[in-house]
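Visitor: I would like a short tour of this model. Where shall we start?
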Amino acid sequence: MATYNLALILENPLNDAEFLLVKQTPPPKYGIEEYDSFVDSDLWDLPSKKLDRAKGELEPGSIVIEGIERINLGKFDFDSAIKKVLEQVGFKANDGGEWRFLKHVEEAEFGPGLPVNTVDRVGTLVVLGLINDSVQSSEKVNTALHYQEYPPGVILVPMKSRTSKPFHTTNLVIFAPENVKNESEDYNFVARGDALIVDPGCQANFHEEACQFVTWLLALMHFDWSSIWLDQLLKIVAALSKKLVVFVTHHHADHVDGLSVIQKCNPNATLLAHENTMCRISKDDWSLGHISVSGGEDICIGGQRLNVIFAPGHTDGHLALLHVDTHSLIVGDHCVGQGSALLDIASGGNMTGRSGAGTEFTETLRVSQRPSTCLAEKGNFGLLMFYKLVDYFQSTYRFIELAPHVLIPMHGRINLWPKNMLCGYLKNRRSRELSILAAIENGAKTLIDIVANVYSGVDRSLWVHAASNVRLHVDHLAQQNKLPKDFSVDTFNCSLVAFAEKVAKIEPK
Ligand SMILES: [Zn+2]
Ligand SMILES: [Zn+2]
């Protein structure tokens with residue numbers, strides 16, 4: 001069932017350009033000094049309240065809202081929601097003023113969980129009115145693809161992709177600035193363009209959507225957006241057909257599946273990726289020009305600067321991107337909107353992978369795109385797996401140091417409390433490692449023993465992914481000499497091959 005939030009814009013009667021924002025309560029602290037020492041900046045939002053359904057027959061409301069009949073939400077109790085919001089900010093409903101319905105915003109299809117209000121820290125109205133978290137049917141994807149623009153200038157379109165549960169979309173991030181700023185001529189940009197697309201991970205084989213990018217833009221044009229939005233979107237279409245830069249955070253299929261569509265639609269587009277990612281992208285997906293980046297480079301899009309950040313951990317070629325103007329950080333798969341990101345054990349898991357060339361690398365890619373088989377691969381990746389977990393922690397601290405205002409993951413909603421979220425990841429990983437150590441100390445010797453013990457409450461379909469994390473942590477523990485003496489790493493390594501078979505035999509709960 002849909003969840004609705006009512007947000008009120010309380011204008012200053014003396015100056016209607018001013019309106020009231022409320023300082024938001026930050027997420028709870030962790031009670032661990034290290035994590036609690038990282039504090040996000042204050043976040044200001046429109047005062048809002050969840051809209052409840054009216055109990056019984058709804059009396060005619062005492063509060064008149066001009067234009068509310070335009071939306072079909074008659075069953076909701078607007079009166080009490082308005083009164084509660086006003087109480088929050090110290091007003092009463094009869095303090096005067098008129099109520100006018102402004103906008104009904106249906107949230108784009110970001111994935112599971114309750115909606116998150118997305119508003120500006122400094123007061124520009126971005127998301128207004130009612131936010132609707134409908135459980136949308138799959139047909140809806142074809143009729144109108146909803147998007148979100150937050151912060152202003154950063155457009156997110158959740159696109160259906162071959163991603164892992166519980167998500168089913170990858171966020172396509174688009175920068176297509178309308179007002180092109182004068183760029184500094186002497187700045188050393190690695191690439192320049194009119195528009196930037198990040199992680200086109202949509203499924204390319206939607207027959208009814210031969211060119212998904214054009215289709216969604218057309219769908220939006222037929223949608224009832226204000227002329228400003230339409231104008232902006234028309235400019236995006238124009239930009240897509242001109243100087244387009246494509247950036248991919250890493251090589252996973254749910255981030256690169258749409259590349260082949262882009263190269264067909266725009267043969268002048270340039271692809272930017274880490275060398276370790278480029279090597280894993282097939283020529284069928286991208287055969288046009290590309291530029292290898294490794295972190296530290298700047299991209300210029302319509303005069304706006306985006307800074308490339310090397311952020312290994314999820315894969316060894318994983319990159320993040322900081323939009324300098326809004327201080328928004330696109331984190332790829334380092335974090336997701338819900339749950340914890342998976343480290344891909346099969347990507348860069350050997351020295352050949354690190355050096356970035358050779359046929360073994362291609363093989364690594366093939367395996368990594370079929371997670372259920374990557375557990376059958378043999379080989380000693382110990383040292384590099386350790387580095388990868390260390391990489392993951394280091395990348396996380398690098399993100400915390402950047403103190404972004406917004407974290408943009410490629411799956412799920414944006415996060416407005418970045419330091420808190422990143423500390424949550426650190427805490428989660430460390431406590432997971434402690435649980436794995438406890439399982440081993442209690443006698444678990446094989447991969448299936450540990451996964452079954454530590455992830456007993458987790459859906460079995462996710463155990464294959466969980467196993468990758470267990471392997472990383474066991475290696476990390478081994479490197480730190482924390483494993484008990486009676487635990488044999490050789491026995492554990494030998495158990496990897498049988499893992500998938502054993503998972504398949506376990507009766508579902
Ligand atoms: Zn990924
Ligand atoms: Zn992904």
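Guide: We start with proline 151, which lies in the loop between β11 (148-149) and β12 (155-160). Strands (E, at least two residues) and helices (H or I, at least four) are DSSP runs, numbered from the N terminus. The model is predicted: local features need pLDDT of at least 70, side-chain atom pairs count only at pLDDT 80 or more, and totals for chains, interfaces and linings use all residues. Residues are numbered from 1 along each chain as its sequence is written, and chains are lettered from A and ligands numbered from 1 in the order in which they are written.

Visitor: Is the peptide bond from tyrosine 150 to proline 151 cis or trans?
Guide: Omega of this bond is near -15°. The bond from tyrosine 150 to proline 151 is cis.

Visitor: Is aspartate 199 buried or exposed?
Guide: Aspartate 199 sits in the loop between β15 (195-198) and α4 (212-222). A residue is buried with 20 or more other C-beta atoms within 10 Å of its own, exposed with 12 or fewer, and partly exposed in between; C-beta atoms are placed from the backbone. Aspartate 199 has 28 C-beta neighbours inside 10 Å, so it counts as buried.

Visitor: Which strands stand at the edges of the open sheet of 7 strands?
Guide: Two strands pair if DSSP finds at least two bridges between them. The sheet has mixed pairing and runs β11-β12-β13-β15-β16-β17-β18. Each edge strand has a single partner, so one side of each is left without a neighbour in the sheet: these are β11 and β18 (290-292).

Visitor: Which residue in β17 stands opposite valine 246?
Guide: β16 (residues 244-247) and β17 (residues 270-273) pair in the parallel sense over 3 bridges. Opposite valine 246 stands leucine 271.
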